[in-house]
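Please find below my notes on the model, as numbered points.

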Amino acid sequence: MNRSVAITGIGVVAPGGIGRKAFWDLLVSGRTATRTISLFDPGRFRSRVAAEVDFDPALYGLTPREVRRLDRAAQFAVVSARECITDSGLEFAALDPHRVGVSVGSAVGGTTTLEQEYLVLSDSGRQWEVDGDYVSPHLYDAFVPSSLAAEVAWTAGAEGPAAVVSTGCTSGLDSIGYARDLIAEGSADVMLAGAADTPISPIAVACFDAVRATSVRNDDPAHASRPFDRGRDGFVIAEGAAMFVLEELEHARARGAHVYGLVSGYATRCNAYHMTGLKKDGREMAEAVRHALAEARRAPDAVDYVNAHGSGTKQNDRHETMAFKQALGDHAYRVPVSSIKSMVGHSLGAIGSIEIAACALAMEHGAVPPTANLHERDPECDLDYVPNEAREARLDTVVSVGSGFGGFQSAMVLTRADAA
Amino acid sequence: MSGVDTGGAAAGPAVRTGPAAGAGGAAGTGADTAVVTGIGVAAPNGLGTETWWAATLRGESGIRPITRYDATKYPVRLAGLIPDFDAAAHLPGRLLPQTDRVTRLAVAAADWALADSGADPAELPEYGMSVVTSNATGGFEFTHREARKLWTKGPQHVSVYESFAWFYAANTGQISIRHGMRGPGSVLVADQAGGLDALGHARRTLRGGSSLVVSGGVESAFDPWGLVAHLSGGGVSTVADPTRAYLPFDTGAAGHVPGEGGAVLIVESAAAAAARGAHQVYGEIAGYAATFDPAPGSGRPPGLERAARLALSDAGLAAGDIDVVFADAAGVRERDDAEAAAIEALFGPYGVPVSVPKTLTGRLTGGGPPLDTAAALLSVRDGVLPAAAHVTRPVPGHRLDLVRGEPRPLRVRAALVLARGHGGFNSALVVRAVEPGRGAARGTTRPSVRETAREDRP
Amino acid sequence: MAGFTLTDFQQIVAKCFEGTDGGELDAASVDSEFGDLGYDSIVVYEIAVRIQDDYGVAIPDEDLDDLKTPADFIAYIGARIPAAS
């Protein structure tokens, strides 16, 4: 059994744009959602910039009980899941719940809640032997990130296979890849798939400070995320979520569903090189792209758009430029390549799904989102990165890639359902 | 997994890439058959597969008082702890500062599993080797230490290694780096059930073209903050006597004891194992499935029995083909009742021996089900079922043939492993004997209700 | 005695590579670049964290980029250690 997998619903909670319409408006406008951190006082930190979501849970339909129970990442997951369910037009109550599964990506899960609880129970770090008497009953849900999948499953009434995929910064691609596998092999007909991460917390900001991976353009936060630009100095940490209704293609067609596109190819590789470092040649990412294209039965020159990882670290942007040249040959110089992290930052495990949302919406609207803040290209980054302004284009085949700590390199190919 | 939902006479197994695995339980030696060729164990009652297995058969428990710090202030002072793991003896010095205890245990267990399998990663294709693990609690103690530095000394004092020692993907990443494994890597989390999801995905990864997958799961979060986090999940036993704290399916059940450790398995396609002349095959991962429980209050039935039926159907086996069930064993009456009902529904009253070696280790979150899978494979190898320790008064209404007292000699050709995770995750996995030279044992349907142990008859 | 010596640096390195005594660094290798010594950038960053821990000297990114050898570190820290020591 090898069934095709369609995207029939999209939900997004992104910095600068909650909901898929606001998100797309942000992307095509080229505006940036990066700013000085407001979620905590970043005064003592090296990097004080982030792309935050202005999220009022009540405004997005969460009840006070849900707000109390759910970690911020879970709130994002549930809100984006509800949006994609509505968008799909699928009557979930009429489905066989056994045939509906869930796959949620997250790199750091319930970090926000864990850190808040830790501060309370440890007396702001003073007690190594933390106080066990006043533990929140919801702590375990933050401790073990699979609670994200549980919450989404309850939202959708899903009783099929459910799991969290946690492969660091490629989680958001890999969770969709996992869901794609389950539908393709026949374990489910419908999957709620996507990712959520809310890592803008002191511990996460501090560890990226230590590894000097984040931008220190603290006096100019709106222009801090500068993928492929000569002046880039690291990524900008972010938060967000995107969830999709993935549906077996015939299942979607039988009900006349709107199909944004097909998940036609997916591959992941490990560089087996270094937990944070990247080899210059981009070899494993190139291998993932080649394999994903082969699965999608697309030649490299059929690719109409590449959504780059484009984190804005010196190392990454060169690494993946090399990878695209290896995987696509001369076509790498012709195909538009852009990084939406220039606008919405890098939300670790969530961004892969947010970028797939951008790709699906790009196909839908016939436009390539730009790379903001790109004014002077790094000479070693010599592709067409769509600087600063969106571009109209018919997109039949789109590639999105991700790269993360641990050495994970992933690639996904989306194709239009009506393209040959 | 097959598309059908109801078990019984099943459609063929899930095969995306070809028909080689065949249907109806006729497991073979082809590229689509996933066999286990190496086992590495880091368990509270034994480091190393044979040490742990011997301790398990002797009934030696790894549930012990927490002594690394003063645990008397906590309502729980017991855990399944590994007392004698010397990381420096097993890992290069450079790995130590950048890894949490959980990753040290995982990397060591992976080393042992590879050594056991005889596979040499240097001789295998780099993109054909993959790492797929489960981990639900990350590098918790490492993060606790760094968080403490952050809040008491300032952000400049946080280690660079926090950026990756912390996260759930650390084990997969470090193992892939250590052995040059560049194929599709993954990390699955579904609390306890995720340990089986990883093994199921390892088989899927073989079907996608890998030839060897390092899989399984290892956990460790027993610093004070980790212990408190474990407690918050509920269901943790506060009984102070290590022999009475964790009594699943017993009338004295008072919750579970959490533990650290797990198992790493080398899963290969039968064809690849044969091609490299693997010196041993423990058995085949013949079936796997996962389900999720209905939302609380829906009134719909829980999903464990369905997961088991789907896994059997995936394996092309009937309930009567299963020689032993390794139970999830929550140790909480209501959840034990639910599992016992699922087992009875599938196998009939006292219909199959139920083995619970985790009574000797506690529940290891994502590490537990891979350890149960290791036990299942060794029960196939040695023809013996480990006993549930300390369980003396089985709940009569359960009508389970619990293996207890002494290990029970039994020829095992197929075993079912069950796992449930906090929130409603259910996973089931079937392992099956592979007869030398003939591929895996062919499923033969036997009556589903069999002669049962005398002591458990009502 | 200088405020920050090779021995001090070896002790810092030993904390970054548990199980070694930093002894692979010696007078002959203090002028070797970290890459040639087998230290990747993340180890160098960790050395910077440990120096902040033990000596209270923070090293900004732009300075760290210029510290390419153990000798560079020793000179840099030596010049910035609070006079008291």
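1. Arg416(A) and Asp418(A) meet through their side chains in a salt bridge, 3.2 Å from N to O. The term stands for a side-chain nitrogen of Lys or Arg within 4 Å of a carboxyl oxygen of Asp or Glu. Asp418(A) is exposed, at 58% relative accessible area. The classes used here are buried (under 20% relative accessible area), exposed (over 50%) and partly exposed (in between), with a 1.4 Å probe and protein chains only. Over all chains the structure holds 59 salt bridges.

2. This is a predicted model, in which local features need pLDDT of at least 70, side-chain atom pairs count only at pLDDT 80 or more, and totals for chains, interfaces and linings use all residues. Residues are numbered from 1 along each chain as its sequence is written, chains are lettered from A and ligands numbered from 1 in the order in which they are written, and side-chain values use heavy atoms, with hydrogens and water left out.

3. Within chain B, Glu260(B) forms a salt bridge with Arg101(B), with the closest N and O atoms 2.8 Å apart. This pair links distant parts of the chain, 159 residues apart: Glu260(B) lies in the loop between H8 and strand E8 (261-269), and Arg101(B) in helix H3 (residues 101-117). Helices (H or I, at least four residues) and strands (E, at least two) are DSSP runs, numbered from the N terminus. Glu260(B) is buried at 2% relative accessibility, while Arg101(B) is partly exposed at 21%.

4. Helix H3 of chain B also carries Asp111(B), which forms a salt bridge with Arg178(B), the closest N and O atoms being 2.7 Å apart. Asp111(B) has a relative accessible area of 16% and is buried; Arg178(B), with 33%, is partly exposed. In chain A, salt bridges that share partners join Arg232(A), Asp317(A), Arg318(A), Asp378(A) and Glu380(A) into one network.

5. Asp317(A) deserves a separate look. The residue is in helix H11 (residues 314-328) of chain A and is buried, with a relative accessible area of 0%. Leaving out residues up to four places away in sequence, Asp317(A) touches Pro227(A), Phe228(A), Arg232(A), Gly310(A), Ser311(A), Gly312(A) and Cys381(A); contact means heavy atoms within 4.5 Å.

6. How many residues does each side give to the contact of chain B with chain A? Chain B gives 84 and chain A gives 83. The area buried between the two is about 7,200 Å², with 63% from carbon and sulfur atoms. Buried area is the accessible area (1.4 Å probe) that two parts lose on being put together, summed over both. There are 4 salt bridges between chain B and chain A, among them Arg182(B) with Glu284(A), at 3.1 Å between the closest N and O atoms. H4(B) provides the largest share of the chain B side, 10 residues.

7. The contact of chain A with chain C takes 7 residues from chain A and 9 residues from chain C. About 610 Å² is buried there, 50% of it on carbon and sulfur atoms. The salt bridges between these chains number 2, one of which pairs Asp61(C) with Arg212(A), 2.9 Å apart at the closest N and O atoms.

8. The count of disulfides over all chains is 0, a disulfide being a pair of cysteine sulfur atoms within 2.5 Å. For Cys169(A), the nearest cysteine sulfur is that of Cys207(A), 10 Å away. Cys169(A) is buried, at 12% relative accessibility. For Cys270(A), the nearest is the sulfur of Cys169(A), at 13 Å; Cys270(A) is also buried, at 1%.

9. Chain B has 12 helices and 18 strands, and 67% of its 458 residues are buried. Leu416(B), in strand E15 (residues 414-421), is buried at 0% relative accessibility. Val325(B) is 91 residues from Leu416(B) in sequence, yet the two are 4.7 Å apart from C-alpha to C-alpha. Beyond its neighbours within four places, Leu416(B) is in contact with residues including Ala308(B), Phe326(B), Phe347(B) and Leu429(B).
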